[in-house]
Amino acid sequence: MVSVVQNVAIDCADAYGLARFWSEVTGRPLHPEDAPGDSEVQVLLAEGPVLHFNQVPEPKTVKNRLHLCLRPETSRDEEVARLLALGATLVADRRNPDGTGWVVLADPELNEFCVLRSAAERAAAPPS
C-alpha cells in the first residue's frame with residue numbers, strides 16, 4: 001500500500017488573497033465554493049494535487065523547506081516578467097550565461113518558488 005498526495009498545503013496570513021495570486025500564476029480556478037474571508041482556499045490544478053492555502057496566525061520567519069518549481073509554457077524570462085507584474089518579488093537570479101539555471105521568486109507572502117526554463121528552451125539547448 002502507498003499514500004497519495006491529496007494537496008500541497010501552504011500556510012499564509014490571507015488564504016483567499018494568496019490563492020488568487022496562485023490562481024493567476026497557474027491559470028487555474030479557485031474551488032467554486034471558496035470566497036473572500038475563508039480561512040482555507042484551494043486552487044484546482046489541472047493535474048496532481050490541489051494547492052491548499054491555510055490561514056494561520058503566525059508569520060513566515062525562515063526560508064521554505066519545500067517549494068514549488070514552475071516550468072512555463074513561454075520562455076523563462078517572459079514568465080519571470082509576468083510573475084513580477086502579478087506581485088512576485090525577485091529573491092535570487094540563478095540564470096547562467098549559457099541559458100541554464102532558474103530564477104527564485106517569492107509570492108506576496110514571501111514563500112519562495114523557482115521558475116525553470118521552458119520545455120522548448122531545454123529542447124533548443126545544445127547537448128552538454
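Figure 1. S23 sits in helix α1, which spans residues 15-26; helices (H or I, at least four residues) and strands (E, at least two) are DSSP runs, numbered from the N terminus. The model is predicted: local features need pLDDT of at least 70, side-chain atom pairs count only at pLDDT 80 or more, and totals for chains, interfaces and linings use all residues. Residues are numbered from 1 along each chain as its sequence is written, and side-chain values use heavy atoms, with hydrogens and water left out. S23 counts as buried because its relative accessibility is 16%, where buried means under 20% relative accessible area, exposed over 50% and partly exposed in between (1.4 Å probe, protein chains only). The S23 side chain reaches the backbone oxygen of R28 at 2.5 Å. Leaving aside residues up to four places away in sequence, S23 touches R28, P29, L30 and V43; contact means heavy atoms within 4.5 Å.

Figure 2. Two aromatic pairs are found in a search of the whole structure. Rings of Phe, Tyr and Trp (its six-membered ring) pair if their centres lie within 6.5 Å; planes under 30 degrees apart count as stacked, over 60 as edge-to-face and the rest as tilted. F21 and W22 form an edge-to-face pair, at 5.6 Å centre to centre with 90 degrees between the planes. F21 is buried, with a relative accessible area of 6%, and W22 is buried as well, at 3%. W22 also pairs edge-to-face with F113, at 4.8 Å centre to centre and 70 degrees between the planes. W22 lies in helix α1 and F113 in strand β7, so this pair ties together parts that are 91 residues apart in sequence. F113, like W22, is buried. F21, W22 and F113 form one aromatic cluster.

**Figure 3. The cysteines C69 and C114.** The whole structure holds zero disulfides, a disulfide being a pair of cysteine sulfur atoms within 2.5 Å. C69 is in no disulfide, and the nearest cysteine sulfur, that of C114, is 4.4 Å away. C69 is partly exposed, with a relative accessible area of 45%. C114 is likewise in no disulfide, and at 8% relative accessibility C114 counts as buried.

**Figure 4. The largest pocket.** The space in the largest pocket is about 570 Å³. Grid points are joined across faces, edges and corners, and a volume is the space filled by probe spheres set on the points. The lining has 21 residues, of which V25, T26, L70, R71 and E73 lie nearest the pocket centre. Two or more lining residues come from each of α1, β3 (50-55), β4 (68-70) and α2 (76-86).

**Figure 5. L110 and its loop.** L110 is located in the loop between β6 (103-106) and β7 (112-115). Although L110 is not a glycine, its phi is positive, at about 75 degrees.

Methods: Polar contact = N/O pair within 3.5 Å; in protein donor to acceptor, adjacent residues only side chain to side chain. 1 Å grid on protein atoms, 1.4 Å probe; cavity = no way out; pocket = protein on both sides within 12 Å on 5 of 7 lines; lining within 4 Å.
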